[in-house]
Amino acid sequence: MTSGPWRGGLAVRRMQKGQVPVADLLCVACWFHRRVTGRAMVRDFLNSKPIETHRDQCPAKTNP
Ligand SMILES: [Zn+2]
């Protein structure tokens, strides 16, 4: 899942029926963290390509 210099992760939990999904996006370069809860919110969040979006905006990204 990792490619390039950007390191971080997107974790989605509690996707079972009856639970409230939680998605966490963490960037270990700048320690940006974003949490989204709720099935519709998580779905939209994932569809918005949060990793790619943050990778473009990350203040700690390296440009050798
Ligand atoms: Zn970052």
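Trainee: Where in the chain is the place of tryptophan 31?

Mentor: Tryptophan 31 sits in the loop between S2 and S3. The model is a predicted one, and the elements run β-β-β-α-α from the N terminus on.

Trainee: What phi does tryptophan 31 take in the hairpin of S2 and S3?

Mentor: A positive one, near 60°, in a hairpin with four residues between the strands. Tryptophan 31 has this phi although it is not a glycine.

Trainee: Why is tryptophan 31 called exposed?

Mentor: Tryptophan 31 has 9 other C-beta atoms within 10 Å. The label exposed applies at 12 or fewer, so tryptophan 31 is exposed.

Trainee: Why is arginine 14 called partly exposed?

Mentor: Arginine 14 has 13 other C-beta atoms within 10 Å. Exposed needs 12 or fewer and buried needs 20 or more; a count of 13 therefore makes arginine 14 partly exposed. Its place is in the loop between S1 and S2. Arginine 14 is not a glycine, yet has a positive phi of about 60°.

Trainee: What makes glycine 8 count as buried?

Mentor: Glycine 8 has 20 C-beta neighbours inside 10 Å. The cut-off for buried is 20 or more, so glycine 8 counts as buried. Glycine 8 lies in strand S1. Leaving aside residues up to four places away in sequence, glycine 8 touches Leu26, Cys27, Val28, Ala29 and Ile51.

Trainee: Which residue in S2 stands opposite glycine 8?

Mentor: Cysteine 27. The C-alpha atoms of glycine 8 and cysteine 27 are separated by 4.2 Å, with the two residues 19 apart along the chain.

Trainee: How do you know that S1 and S2 pair?

Mentor: Pairing requires at least two bridges. S1 and strand S2 (residues 22–27) have six bridges, in the antiparallel sense, so the two strands pair. Leucine 10 stands opposite leucine 25 in S2.

Trainee: What makes S2 and S3 a pair?

Mentor: Six bridges join S2 to S3, which run antiparallel; against a requirement of at least two, S2 and S3 pair. Aspartate 24 has arginine 35 in S3 as its bridge partner, and leucine 25 stands opposite arginine 34 in S3.

Trainee: Why are S1 and S3 called edge strands?

Mentor: The sheet is open, with three strands in the order S1-S2-S3 and antiparallel pairing. Strand S1 (8–13) and strand S3 (32–37) each pair on one side only, and are the edge strands. The twist averages 10° from one strand to the next.

Trainee: Which side chains along S2 point to the face where they are buried?

Mentor: Ala23, Leu25 and Cys27 point to one face and are buried.

Trainee: Which strands does helix H1 lie across?

Mentor: Helix H1 (residues 39–47) lies across S1, S2 and S3, and runs at about 135° to S3. The protein has two helices and three strands.

Trainee: How many of the residues in the protein count as buried?

Mentor: Of the 64 residues, 11% count as buried. As for contacts between residues at least 6 apart in sequence, 34% join residues at least 24 apart.

Conventions: Residues numbered from 1 in each chain as written. Predicted model: local features only at pLDDT ≥ 70, side-chain atom pairs only at ≥ 80, totals over all residues. Axes fitted to C-alpha atoms, helices over the stretch in contact; angles between N-to-C directions. Contact = placed C-beta atoms within 7 Å.
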